[in-house]
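Notebook open, chain loaded. I want the overall make-up noted down before I look at any single element.

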Amino acid sequence: MLKNKLLGMSCGVLFLFGLVDAKASLTIEITKGQSNPIPIAIAPFKINNAMPSENIEQIVMNNLKRSGAFSPVPHENMLSQPSQFSEVNIRDWRILKVDYLVVGHLQYIADEQKYLVNYELIDTISNQVIGTQTLRAPEAQLRDLAHTISDQLYKKLTGIEGIFSTRLLYVTVKRIADRQQEYHLYMADIDGERQRLILKSNEPILSPSWSPNGKKIAYVSFEKKR
């Protein structure tokens with residue numbers, strides 16, 4: 001049953017991986033992004049009361065690093081770890097040759113059953129706050145909040161919309177018997193986290209694609225041999 005007319009390159013890529021898998025595994029490792037990534041530091045956020053289930057600043061660091069456009073400073077290399085602009089010793093960050101610094105704090109609001117997160121983006125060259133934001137989210141949406149912060153920082157510093165709040169669709173193949181395979185269609189965050197199984201089939205699944213409003217998924221299926 002054909003559920004999507006958008007074939008083309010996607011089918012070709014999936015078919016190629018199927019051929020490669022029959023002989024040997026294929027590993028593609030991307031080790032660098034652009035040649036001069038922006039040096040940035042995301043200081044550990046100060047937690048005022050309840051410990052959250054997600055490490056927000058670490059998610060932001062990983063997102064920016066994965067984009068290839070930024071080179072975050074590891075926490076263990078930081079000379080200080082301020083949580084607001086008034087605590088920043090700008091000399092510490094100039095020694096590390098950091099162009100931008102993000103500081104913030106996180107607090108649980110019991111009445112709202114939400115976490116409140118406030119962060120500041122500091123230009124270490126001019127020693128000025130060039131961006132600040134206060135966001136609220138329940139425990140279950142803290143990872144979404146971290147992706148939102150990543151998008152905001154990416155757009156502020158590059159002028160380009162971030163994609164960290166988007167989702168991935170991908171298909172995996174598992175051999176369950178001789179000449180029999182099981183296909184899985186998954187959805188996950190852009191960083192691969194929160195993987196969710198959408199569909200399982202003994203027939204190939206090809207070309208998953210989002211609807212224009214992002215609420216539905218189209219794909220090619222051979223479940224009815226057509």
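Ground rule for my counts: helices are DSSP runs of H or I with at least four residues, strands are E runs of at least two, and numbering starts from the N terminus. This is a predicted model.

Overall. I get 4 helices and 11 strands in the chain. I looked up burial next: 36% of the 226 residues count as buried. The accessible surface is about 13,900 Å², and carbon and sulfur atoms hold 51% of that. For contacts with a separation of 6 or more, I find that 49% join residues 24 or more positions apart.

Helix H4. I checked its length against expectation. H4 covers residues 142–158, and at 1.5 Å a residue its 17 residues should span 24 Å; the end C-alpha atoms are 24 Å apart, so the two agree. Which residues of H4 are buried? My list includes Leu142, Leu145, Ala146, Ile149, Leu153 and Leu157.

Sheet E7-E8-E9. I traced these 3 strands as an open sheet in that order, with antiparallel pairing. E7 (167–177) and E9 (196–201) are the edge strands, each pairing on one side only. Neighbouring strands here are turned by 20 degrees against each other on average, direction ignored. Between E7 and E8 (residues 180–189) I have 10 bridges, antiparallel. One spot I marked: threonine 172 stands opposite histidine 184 in E8.

Conventions: Residues are numbered from 1 along each chain as its sequence is written. This is a predicted model: local features need pLDDT of at least 70, side-chain atom pairs count only at pLDDT 80 or more; totals for chains, interfaces and linings use all residues. Side-chain values use heavy atoms; hydrogens and water are left out. Buried means under 20% relative accessible area, exposed over 50%, partly exposed in between (1.4 Å probe, protein chains only). Contact means heavy atoms within 4.5 Å. Accessible areas come from the Shrake-Rupley method with a 1.4 Å probe; for residues, only the protein chains shown count as cover. The expected span of a helix is 1.5 Å times one less than its number of residues. Two strands pair if DSSP finds at least two bridges between them. Axes are lines fitted to C-alpha atoms, for helices over the stretch in contact, and angles run from 0 to 180 degrees between N-to-C directions.
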